[in-house]
Amino acid sequence: MISGADEYDIDITFDEAEIDRLLAVTPGDVESANSLTYAKNVFIPLTTACRYTCTYCTYFDPPGEASLLSPEEVREIVRMGFDAGCTEALFTFGDDPDGRYTQVHDQLAEWGHDSIHSYLREVCELALEEGLLPHSNPGDQTPEQMELVADVNASMGVMLETTADVAAHAGPRQKNPGQRLATIRTAGELGVPFTTGLLVGIGEDWRDRAESLLAIRKLHERYGHIQEIIVQNVVPNERSQFEQPSVETMRRVVSMARAALPEEISVQVPPNLSPTRELLDCGVDDLGGVSPVTDDYINPDYAWPALRELEDIAEEAGVPLRERLPVYRRFLDDDSDDETWLSDRIRRAIDSGGETGERYQSVLTESIPR
Ligand SMILES: O=c1nc2n(C[C@H](O)[C@H](O)[C@H](O)CO)c3cc(O)ccc3cc-2c(=O)[nH]1
Ligand SMILES: C[C@H]1O[C@@H](n2cnc3c(N)ncnc32)[C@H](O)[C@@H]1O
Ligand code: MET
Ligand code: SF4
């Protein structure tokens, strides 16, 4: 039984035979992808306040020390991104800061907001005005929170991390697999193209990895909204004791992900954290958002490779490297009356004229229909 499943009314059950089939998958069983994609983004760490204290994470700051970017600071990052040729504004930050963060809440109130989501809406609008498409990963969200920002995001995401109860999700307030799955389900209900994934090496076992992949697949079967799954290895840092999983472990998890998920879902590994070259024959077809101008603020010790290096990686694998938008092509093409994945707002941004529209259109012309 997945922890928190009852509380969040998650009705996912696993078939033992299916789990066994996945556990038997080895790298030789999956095919290599025939292209690699990536998106050009700027990372915007809206706030380092977080209600959780995951032991693998160096990102969050305690109350009293947490930062909150002002609209002017956000605009500056977004402009820098636009000037560097990006298409994506990646808003990834601490989970919904709780009442302990009085300074953050006071500052938000001063700017006319009663929640981080209300503020997120304002900065997503700002990014759109400046010519970038928002992709927000604010952690767990209630249906009301997600609804507040859905129409100003091209896509959104949250890492499932794992369906297991792990000690890494420590402290009085914790990530809970039932709540993560509920967030992914909410995205399906709201028709938001969605990114999720597994964090590998935080105390989960092989069966947990198989269950996590199957849980994502089952939600995708209901809603069709998962665009990619990230298979991310935990990396060591000054706060965490976790060891980086071995290349062999990562090869097997990536292969399991490819075998578990339907073809339309991309399998992404982050090129700044993973032994990427050694994973390409396990079905990886996406390298995620890569920034020419900002750090990976979640893992700041791990610099982004330059575009040149991504080209080398693709060349070594003998496949073309293609830029994509933060929302996959399939959702743009599938946007009919009975299936609306994109709000009018996002659709207009992508179809707009001028320098902005041209940039999106040229990425789309190059990209593959996935
Ligand atoms: O730079 C990063 N980008 C992360 N991204 C961004 C991702 O690489 C791209 O924004 C998406 O592929 C959309 O283009 C995430 C997106 C999510 O929805 C959920 C989790 C992540 C995790 C990271 C991350 O740790 N570092
Ligand atoms: C945005 C995502 O970053 C991941 N994340 C947080 N800390 C680490 C770490 N030390 N190593 C790798 N990934 C991490 C989590 O999976 C989170 O959901
Ligand atoms: C900075 S971590 C990424 C966003 C969110 N806090 C989560 O863990 O899901
Ligand atoms: S991983 Fe996300 S939820 Fe966990 S402590 Fe870090 S910022 Fe908070």
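Visitor: Hi! Is C54 buried or exposed here?
Guide: Hello! C54 counts as buried, because 22 C-beta neighbours lie inside 10 Å, and the cut-off for buried is 20 or more. Do keep in mind that this is a predicted model.

Visitor: Noted. Where does C54 lie, and what is it in contact with?
Guide: C54 lies in strand β2, residues 53-54. Leaving aside neighbours within four places in sequence, C54 is in contact with A168, H169 and K175.

Visitor: Which residues does the UniProt "binding site" annotation cover?
Guide: According to the UniProt record, an unreviewed entry, that annotation covers C50, C54 and C57.

Visitor: And where is the place of C57?
Guide: C57 is in the loop between β2 and α2 (71-83). C57 counts as partly exposed, because it has 18 C-beta neighbours inside 10 Å.

Visitor: What about ligand 2: how many residues surround it, and which are the closest?
Guide: There are 14 residues around ligand 2, and the closest are Y56, C57, M159, L199 and V235. The shell divides into 8 nonpolar, 5 polar and 1 charged.

Visitor: You mentioned L199. What does L199 stand opposite?
Guide: L199 stands opposite Q232 in β8. The chain goes from β7 through helix α7 (residues 206-223) to β8, a right-handed β-α-β crossover. β7 (residues 194-200) and β8 pair in the parallel sense, over 7 bridges.

Visitor: Which strand does β8 pair with over 3 bridges?
Guide: That one is β9 (residues 266-268), and the pairing is in the parallel sense. E228 stands opposite S266 in β9. Together β8, helix α8 (residues 247-260) and β9 make a right-handed β-α-β unit.

Visitor: Changing topic: which value is phi of E161 near?
Guide: Phi of E161 is near 70°, a positive value in a residue other than glycine. E161 is in the loop between β5 (155-157) and β6 (169-170).

Visitor: Is E161 buried or exposed, and why?
Guide: E161 is buried, because 24 other C-beta atoms lie within 10 Å.

Visitor: And D9: which value is its phi near, and is D9 buried or exposed?
Guide: Phi of D9 is near 60°, also a positive value in a residue other than glycine. D9 is exposed, because it has 10 other C-beta atoms within 10 Å, and D9 is found in the segment before α1 (16-23).

How values were computed
Residues numbered from 1 in each chain as written. Chains lettered and ligands numbered in written order. Predicted model: local features only at pLDDT ≥ 70, side-chain atom pairs only at ≥ 80, totals over all residues. Helix = DSSP H or I, 4+ residues; strand = E, 2+ residues; numbered from the N terminus. Buried ≥ 20, exposed ≤ 12 C-beta atoms within 10 Å, placed from the backbone. Pairing = 2+ DSSP bridges. Right-handed = clockwise from strand over helix to strand, strands pointing away. Near = placed C-beta within 6 Å. Nonpolar A, V, L, I, M, F, W, Y, C, P; charged D, E, K, R; others polar. UniProt positions renumbered as here; feature names shortened; annotations may be inferred. Contact = placed C-beta atoms within 7 Å.
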